Amino acid sequence: TADIEGLTQGLGTYGGNDDADNSGSLKYVRVWFGGADIGFDPNNPENSGNEINGITFGGVGSGTTLEHVEVAYNKDDGFEFFGGSVNGRWLSALFCDDDAFDSDQGYQGNLQFIFALVDEDGDHAAEMDSKFDNQRRSYPRVSGATFIKSDHTTGTSNGLIQIREGGGGEFYNMILTGKSGAGLENNDCGSEVRTSTAASQGTFPNSLYWDANNIINTVNVNTNAVNQFAIQGSAPNACSWTPTGDPRSRNVNPQLASIPGSWTSASNLQSFDPRPQPGGNAYQAVASPPSNGFFQSVAYSGAFGGDLWLAGWSYLSEKGLLASGGLPGGNVLQGTINADVTLSASTTYYLSGQVFVAAGATLTIEPGTTIKAYRTGSDGRASALVIEQGAKIMAEGTASNPITFTSAEPDSALPARGLWGGLIILGRAPITGGGTADIEGLTQGLGTYGGNDDADNSGSLKYVRVWFGGADIGFDPNNPENSGNEINGITFGGVGSGTTLEH
């Protein structure tokens, strides 16, 4: 046994030999604004090292139930697991001053669908420690986590997850995104085997397995460059991974539905929806979690699929920061349209990435149709509808039934500029200097315009509305306000007089 952190010695004994111990049940429980410092040190008034966590689990066994629990605005860690094997699902940690999730002292529980929103004051989304090679080694199994870090000016080298001091475990279907020194930071290692290759895993619990299908696209807050891993390579306690090339993760955009591009705290978070776009990157290469009777098999990575399980009870929901409503099903426009297509007013469509209507094809849009655009597609490019040379758009609304291109962000996030790209129409009419050119707002070679047909016909726009666009597709960290490569609301490149443009 041992004395628990946060209480006077002798008042909080924990530990034993019953891994299935039952301490009761927590369901739909919220713990907000806690973390009092009970060991105040006048020489270090900010943090004496003896604050109380939001919820501290000391030697809590797997007979205990932990579902739909949230810690928000805690002065220390959100959830702290000291030893034990308690399992948890649907756990949320918001705006904690230290770590959202912390484990130590041989914690060996299972965690699924866990979510951490780390603001500018927070440290890690997860800090998972052990005691080097002393047994019992910490070995959490985690499948389905979404961890997001804000803009910040302190602790810029910290990993979003830190595994250290010989910590082991298994990690599957993780999404790590936002601004962070690295996605996974691994330091002060013991003799545990560290790998992203299933065949190279060590023997439980002397192994750390980081699945190669996990998504990490965290970027450095200063350079905006992706940095997936920070692995200690120097002695003592170096962290070598096997085989060469490990650890690995997918460096792709998780395509979360509504995440601000820049935020520091709840005060400027505006609106929030951490669910991934259906059919997008988070629905690809999903790993099978351990088959130990606890984990649910799902078709997505991260803590959320179509069910926004925070709705109605989370702090985010209470403060009006959470999106409402469902995500779209199969009505997603993406890729290239090579044949004639008609969009019906009875259906809401979702624009994902840059959608090209190819030469010879006509896109007809009925009056009253709404097209909602995601910020980006799977390749990270701002969503835009591009009518290529030789293609047509026939979007003819009426005063009572206009056609609307808008953002897929929830109403609580609107109005705002730059939430998606816009419309780009490319024709064969003459331009200065003759010949053709590449259009502003698209990667070179993807938007050719110009020619010698002044009467070229790219279709018709009548009673059409284009709202909340203008995304910056050429981000420059030295000029974050305006890189000079934003997409206009509607761009007409070499469009001829045969095209109709009214209302």
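Two exercises with worked solutions follow, on a predicted model.

The model is predicted, so local features need pLDDT of at least 70 and side-chain atom pairs count only at pLDDT 80 or more, while totals for chains, interfaces and linings use all residues. Residues are numbered from 1 along each chain as its sequence is written, and side-chain values use heavy atoms, with hydrogens and water left out.

**Exercise 1.** Determine with which strands strand 12 pairs, and in which sense.

Step 1. Strand 12 covers residues 159–164; strands are DSSP runs of E of at least two residues, numbered from the N terminus.

Step 2. Two strands pair if DSSP finds at least two bridges between them. Strand 10 (residues 126–128) meets strand 12 in the parallel sense over three bridges, with Ala 126 opposite Ile 161.

Step 3. Strand 14 (residues 182–187) also pairs with strand 12 in the parallel sense, over five bridges. Here Ile 163 stands opposite Asn 186.

Step 4. Five of the six residues of strand 12 are buried, where buried means under 20% relative accessible area (1.4 Å probe, protein chains only).

**Exercise 2.** Locate the disulfide and state its handedness.

Step 1. A disulfide is a pair of cysteine sulfur atoms within 2.5 Å. The structure holds one: the sulfur atoms of Cys 189 and Cys 239 lie 2.0 Å apart.

Step 2. Cys 189 sits in the loop between strand 14 and strand 15 (193–195), and Cys 239 in the loop between strand 18 (229–231) and strand 19 (256–258), 50 residues apart.

Step 3. The torsion about the S-S bond is about 105°, so the disulfide is right-handed.

Step 4. Cys 189 is buried at 4% relative accessible area, and Cys 239 is buried at 3%.

Key
Buried < 20%, exposed > 50% of the residue type's maximum accessible area, 1.4 Å probe, protein only. Helix = DSSP H or I, 4+ residues; strand = E, 2+ residues; numbered from the N terminus.
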